[in-house]
Amino acid sequence: MMLARVADSLYWMSRYIERAEHTSRMIAVKLESMVEQTPEDAAASWTRVVAALAGEPLDLDSGDAFQTVQALTFDRHNPSSLASSLRFARDNARQVREELSTEVWENLNRLYLRIQSVTIDDIWVHNPARFFRDILDTLYLLDGMIDTTLRHGEGWHFLELGRFIERAQLVSRLLDIHFGVAAPGYVVMPPQPKYLDWIVLLKFCTAFEPYCKVHTAAIAPERIAQFLLFDAGFPHSVRYAVDRMRDALARVAPGAPPARRALCERLSGRLKAAVDFGQIDDMTSDAIDAFLVDIVKQCEQIHDAVYAAYIGYDAEAVL
Amino acid sequence: MQQGVLPHTEDFGGLEAGSLPAGAHVDARPGRDAPYKAYDLGKAFDEMFAPDGVVRAPYQALHARLATLDAEELKRRQQACEQSFLHQGITFTVYHDTKATERIIPTDLLPRIVTAQDWERVERGLKQRVQALNLFLADIYSEGRVLKDGIVPRKLIYGSKHYRREMRGLAVPHGAYVNVCGTDLIRNESGNFVVLEDNLRVPSGVSYMLANRDVVRRAFPGVFRAAQVRAIEHYPQQLLATLKSLAPFHEDVSIAVLTPGVFNSAYFEHTFLARQMGVELVEGRDLLVNDNMVYARTTSGLKRIDVIYRRVDDDFIDSLIFREDSTLGVAGLFNAYRAGNVIIANALGTGVADDKAVYAYVPRLIRYYLAEEPILENVETFLCREPRQLSHVLENLDKLVVKAVGESGGYGMLVGPHATAAEIVSFAEKLKADPENYIAQPTIQLSTAPTFVEGGVEARHVDLRPFILHSDETRIVPGGLTRVALKRGSLVVNSSQGGGSKDTWVLSQ
C-alpha cells in the first residue's frame, strides 16, 4: 500500500533532486569552460544556461558570472536555484521520512544543511567549480543510495518516474535552447552556438565521452541532437529517460484497475513511439524545435494523467 | 576501515573500567578535583555522589572514566553528538515571527544510571498505577462506582474539560483506555522514586530515549559494555504487539500512526515509530470515513484501516464531534470508532485521568480498585479546591510550586522559591479567583545527576519518564527518557523551557 500523499512527495523529491543535479552540473561545466571563451562567447553561453535553468527570465547582466552564479545557486527567492531545489527536495523527503533509508535521508539532509551555511563569497575566491563538483559528487552518491539502499517497491518506482520525467524535460529544453529557438520569455537569443558550445552542451549532459565513443570526436550539431535524443543506451538521452519512465509507470499503483491505468499507458506509449522512431537527419531547425516542444508537452500530459489516476483522484468515485 | 567498526564511531578508545591509564584521578571529589570542580552537592539527592562526596557504586566506572578525559575531549564528543542529531533530522521547530528554525533538543552525553533494584520497584509500581488508572477510566465511562462511593468528587470528573461524554457506555478492547502511558518520576531528597505526573493522552519522548541510547553507547562503549545495561531497542516491537492485540478480529491487521503533520514538534518521533514498526504514517487528509469505515487514500485506491495509533489530541481528531475548525483529524472518525470499525489508541477521553487534580486521588484509586498499597508514592499535593488546603497554600506560596490543573509543558505555573514578591502577589490573585483550577506541591528538590557543561561536569536536576504499554498485558522497556534542566539550579526540565535529555541506563544487576 502506498499513500497517495506519500507518492506525491516521493515523486517531487526525486524531480527536485534531478533538477539540483542538472543545475550543479551545468554551472560546474560552465565555470570550467569559461577560461577558453572570449568574454562575448562566455556571456552568450551564460545566457543559454540561465534560459535552460530559470523558469522565468532573471534580471541579470549576462556578462557577470558572479551575479549569475549567485542567482542560480544561492538565491532563495529564485524557485529554480540550486538552494531552492535542495530545499524542496528535502522538505518532501522530510514528509516521507519513514519511506526512505537512513542513508538516503541523512545524505540529503546533510547536503541541504551544507548549502544553507555557504555563501557565494565562500566559494568564489578559490576555484568555484570545485564546489559544484563536490555537490555533484554528493548527488551521485545519493543516486547510488537510492538505488542500492531502498527496496525497489512502489515508492522507488515513483522516485524513478519523477526523476526521468524531469530528465526528459530538462534535456529537451536544453537542446531546444541550443538549436537557436527562443524559449518563452526570452525574446533576444544569443548568436548561434560555436564549436566549443556544442562540446559544452555534451558536457552539460555528461555526454561528451559517451558521444565520442559512438560518433568519434567529430562534433556535428545534428549528431549531437541525434545522440541526446535517441541513443537507447545513454542515461541522459531522452529516449532512455522515456524507457525508464515507462518501466516505472507499469509498476506504480499495482492495485489500480485497468480503466484507471489506460490513459497513462496510452500517453507514455505515444511518447515512446516518438522517440523510438524519430530521425533528426531530415529535419529543419524549425521542425527540431517543434519536435522538442512536443516532447516537453507530452511529459506534462503524462504528469497530469498520473496525478488524475493515482494521486488526486476523487475518492467518492472509487468507493 | 576495520571490520565491525562503524565509520562514524568516535569512541574514547573503548577503555574498560579498571584499565585506566596512569595518572587517572579515580577518587576525584566534587567541588575539588577536575572535572568536578564546579559540582555542587546541594540539598537534593545526587545520583553520583553521596553527601560526603564518595562515589555511589553504580557510577564508579563512569566517574573514573570521566576523570581521565579533558574538557576539550568531552566538548568535541558533545559537538559530534549534536551534529549527529542534526543530520538525522531529530529536531523540533521553533516559530518566532514568521521564521521557523529547526533546533535539536540538547542531549547530555553522560548517562543517568538506575540500579536493578530501584528499577524493579519502579516497574512494579508503574504497572500497578497504569492498571488502576485504566480501571478508573472504565468505571467513570460506565457505572461510575467510584463517584457513587464518594472516592472522587463527581464535579471533578464531570466538570473536567477532558471528560468525553461521547465515550460513555462504549467498550474498549481489554478495557484498556491508556495503551501508551508516560509517567514522570522524580527522586526525592531521600532518593526514593515518586510520581510527579501521568501523561495519558499522547505522551511523547520515546524516540529521544532510543536516539540517546544510540549516541551515548557510541560515546562510552567501554563503560556501557562493562555496566551490563538492559536493552531498550525492542520498544517499537512492543508497541506494535500492543497495537495488534487491540484488534483481534482478523489476522492481517492494518495499523497506522496518525500524525498532525510535519509542523508538529514531535513529527520526528511519529516518522520514527512508523518506520520502526513498519506501519503507515498517515495525516488526517490521507484518511476518509465512508459508511463508518475508515479508509486511507492509496495510489491503488482506498484501503481499510483497523487500528490508529493517534498522536493527535482528542480535540482535533474529528471535526464533526470535537473542534469543528480542526483540519488535523478525520471527519466521521468518532462514529466509525463508536461503531467498532476502528480502534483508536489511546482511547478518547483519557485526559480526564491525568488532570493534576485527579492525580492527587491516584493513591486512593489504587487502594479502591486493586486493594493494594501504592508501590510508588505521589508527591504531596494540596488541592486548592478544598478551602482548608487553599489557605495553607496561600500562606506558603513562597515555598510551594503551584500548577494550573489543565496545563502542561511547564506553562501556567508558579515556582514559589524562585518567584519575586510581585509575582507571588499577582499569582495569589489568580489563585483566589479560580481555586479549583490549581494544585500545589512542596518544592521538591529533583535529584541531580552529573551533566556535561562547558569546562567540566556539574550537577543538574533530572526527572525520568518511563513508557508503559498496556492492553491484554502491561509491557515496560527498562528505561525511559531522563530529562535534565540544563540551567544551573533550574528545576524545569521541559524541552520548551531549556531542558535537555539523557540516556537512562537500567543495570541488569
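Thr107(B) touches Gln78(B), Cys81(B), Phe85(B), Asn212(B), Val215(B) and Ser501(B), leaving aside residues up to four places away in sequence; contact here means heavy atoms within 4.5 Å. Thr107(B) sits in strand β3 (residues 107-114) of chain B. Helices (H or I, at least four residues) and strands (E, at least two) are DSSP runs, numbered from the N terminus. With 3% relative accessibility, Thr107(B) counts as buried. The scale runs as follows: buried is under 20% relative accessible area, exposed is over 50%, and partly exposed lies in between (1.4 Å probe, protein chains only).

A word on what you are looking at: this is a predicted model, in which local features need pLDDT of at least 70 and side-chain atom pairs count only at pLDDT 80 or more, while totals for chains, interfaces and linings use all residues. Residues are numbered from 1 along each chain as its sequence is written, chains are lettered from A and ligands numbered from 1 in the order in which they are written, and side-chain values use heavy atoms, with hydrogens and water left out.

Staying in chain B, let us turn to a sheet. Four strands form an open sheet in the order β14-β17-β15-β16 (chain B), with antiparallel pairing. β14 (382-383) and β16 of chain B stand at the edges with a single partner strand each, so one side of each has no neighbour in the sheet. Two strands count as paired if DSSP finds at least two bridges between them. β14(B) meets that rule with β17(B), through two bridges in the antiparallel sense, and Leu383(B) stands opposite Ile439(B) in β17(B).

Now follow the sheet to β15(B). Five bridges join β15(B) to the antiparallel strand β17 (residues 438-442) of chain B, where Lys403(B) stands opposite Ile439(B). With strand β16 (residues 413-415) of chain B, β15(B) pairs over three bridges, again in the antiparallel sense; there Val401(B) stands opposite Val415(B).

How many residues of strand β15 (residues 400-404) of chain B are buried? Five of the five are, so the strand is largely enclosed by the rest of the structure. Both of its faces are covered: Leu400(B), Val402(B) and Ala404(B) are buried on one side, and Val401(B) and Lys403(B) are buried on the other.

Next comes the meeting of the two chains. In this model, 35 residues of chain A are in contact with 30 residues of chain B. The size of an interface is often given as the accessible area lost when the parts come together. Chain A and chain B bury about 2700 Å² between them, 50% of it on carbon and sulfur atoms; buried area is the accessible area (1.4 Å probe) that two parts lose on being put together, summed over both.

There are three salt bridges between chain A and chain B, a salt bridge being a side-chain nitrogen of Lys or Arg within 4 Å of a carboxyl oxygen of Asp or Glu. One to look up joins the side chains of Arg90(A) and Glu102(B) (2.8 Å, N to O). On the side of chain A that touches chain B, the elements giving two or more residues are α1 (4-33), α4 (82-95), α5 (102-116), α8 (154-178), α14 (285-311) and α15 (315-318) of chain A. The largest share, five residues, comes from α5(A).

Helix α4 of chain A also holds Ser85(A). Is Ser85(A) buried or exposed? At 0% relative accessibility, Ser85(A) counts as buried. Setting aside residues up to four places away in sequence, Ser85(A) touches Tyr16(A), Arg19(A), Ala20(A) and Ser80(A).

The peptide bond from Ala34(B) to Pro35(B) is cis, with omega near -5 degrees, and Pro35(B) lies in the segment before α1 (60-67) of chain B. Another cis peptide bond runs from Ala345(B) to Asn346(B), with omega near -10 degrees; Asn346(B) belongs to the loop between β12 (343-345) and α12 (356-359) of chain B. Asp291(B), a residue other than glycine, has a positive phi near 55 degrees. Asp291(B) is in the loop between β8 (287-290) and β9 (293-298) of chain B and is exposed, with a relative accessible area of 67%.
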